[in-house]
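Here is a walk through one protein chain, from the overall counts to single contacts. Keep the viewer open and follow along.

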Amino acid sequence: MDFSNATELDDALLHALLIRHTHPYRHDGLKVRVRYSRGADFSGTCFGAQDKIYVNLGRANRYPYTLGTNVARARTTCTGWRRDIFRLTVRDASQLVLFVYLHELYHWLVRGAGRSPHRKEAMCDRFATAVLVDCYGCALRSGDGRPAPRGEWDFKDLHAFVARAPQARKSGQAARRPIPVTIRDGENRAKSRPPRVLATRGFAGTIPPGIATVVCADGDDAIDIRRGRLTNGVGPLAG
Ligand SMILES: [Zn+2]
């Protein structure tokens with residue numbers, strides 16, 4: 001990835017964040033420019049023919065920041081169709097950059113997979129939202145403020161849809177690659193007590209029940225556990 005960042009966010013951390021969530025897709029030809037917007041809270045553009053993604057971040061945003069998404073299923077009404085706006089709350093500017101980047105990345109992957117580029121906004125939002133919800137625990141709420149039920153927005157295999165986009169390595173190889181991690185104990189611990197380290201080892205497979213958090217050995221990121229499986233921004237790792 002040819003990456004540049006003109007914002008005050010840390011270059012190396014932001015670069016690592018975007019690379020991590022681009023996996024397993026190839027990004028050696030991709031140019032990514034992160035910069036401040038001219039006034040909008042955020043925006044993004046993907047120039048597919050140039051393999052270039054712009055992420056524009058508002059300077060004056062307050063965090064946590066809540067944005068409207070198009071992840072909900074469209075519903076038909078007597079006059080046509082409509083889509084409820086589901087609201088996603090991100091914790092900081094780097095998470096907002098990640099959301100915009102992933103939305104634009106999915107446009108790029110759709111093109112790379114030889115799919116029609118038209119009417120993909122909802123899929124791009126779902127692709128980005130899934131990472132923010134699964135890997136960072138961001139809250140997603142439906143129009144009436146309830147936590148959005150998973151089935152109302154996550155009902156299509158978005159990675160399968162772009163499976164023909166170039167990948168860095170076969171997903172089967174990636175799934176078997178052990179990741180060095182530290183496994184820590186459950187969520188019910190007292191907040192004042194630091195999490196107890198249960199294991200530190202290369203890990204690939206199913207997380208034992210009752211384990212709440214797995215942290216990469218280099219300490220750079222927390223990975224949430226969903227349904228007893230390790231997710232690393234790209235989907236469950238099979239043992
Ligand atoms: Zn878009």
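Two strands count as paired if DSSP finds at least two bridges between them. The model shown here is predicted. In it, five bridges join β5 to β8, the strand of residues 86-90, and the two run antiparallel.

Step back for the overall picture. The protein chain has five helices and 14 strands. Of its 239 residues, 29% are buried. Take the contacts with a separation of 6 or more: residues 24 or more positions apart account for 61% of them.

Now return to the strands. Strands of a sheet pair through backbone hydrogen bonds, either parallel or antiparallel. Here the sheet is open and has three strands, in the order β5-β8-β9, with antiparallel pairing. Its edge strands are β5 (65-69) and β9 (139-141), and each pairs on one side only. From one strand to the next, the twist averages 25°.

The pairing can be followed residue by residue. Threonine 69 has phenylalanine 86 of β8 as its bridge partner. For glycine 68, the bridge partner in β8 is arginine 87. On the β9 side, three bridges join β8 to β9, and these strands run antiparallel.

Which face of β8 is covered, and which is uncovered? In a regular strand the side chains alternate between the two faces of the sheet. The covered face of β8 holds Phe86, Leu88 and Val90. Arg87 and Thr89 make up the uncovered one.

α3 has 16 residues and reaches 22 Å from its first C-alpha to its last. That is close to the 22 Å expected at 1.5 Å a residue. The helix is mostly covered, with 13 of its 16 residues buried. Just after α3, glycine 137 takes a positive phi of about 65°.

α3 also meets α2. The axes of α2 and α3 come within 8 Å and cross at roughly 140°. Angles over 145 degrees would count as roughly antiparallel, so α2 and α3 are oblique to each other. Their crossing is right-handed. On the α2 side, the contact is made by Gln95, Leu98, Phe99, Leu102, His103, Tyr106 and His107. α3 contributes Met123, Cys124, Asp125, Phe127, Ala128, Val131, Leu132 and Tyr136. An α-helix has 3.6 residues a turn, so residues three or four places apart point the same way.

How do α1 and α2 pack, and at what angle? Helix α1 covers residues 11-20 and helix α2 covers residues 93-112. They pack at an angle of about 40°, with their axes 10 Å apart. That angle makes α1 oblique to α2. This crossing, too, is right-handed. From α1, the contact uses Leu13, Leu14, Leu17 and Leu18. From α2, it uses Ser94, Val97, Leu98 and Tyr101.

Finally, select Leu98 of α2. This residue is in the list for the contact with α1, and it is also in the list for the contact with α3.

Terms used. Residues numbered from 1 in each chain as written. Predicted model: local features only at pLDDT ≥ 70, side-chain atom pairs only at ≥ 80, totals over all residues. Helix = DSSP H or I, 4+ residues; strand = E, 2+ residues; numbered from the N terminus. Axes fitted to C-alpha atoms, helices over the stretch in contact; angles between N-to-C directions. Expected span 1.5 Å × (residues − 1). Buried ≥ 20, exposed ≤ 12 C-beta atoms within 10 Å, placed from the backbone. Parallel < 35°, antiparallel > 145°, perpendicular 65-115°, else oblique. Left-handed = near helix turned anticlockwise from the far one by under 90°. Contact = placed C-beta atoms within 7 Å.
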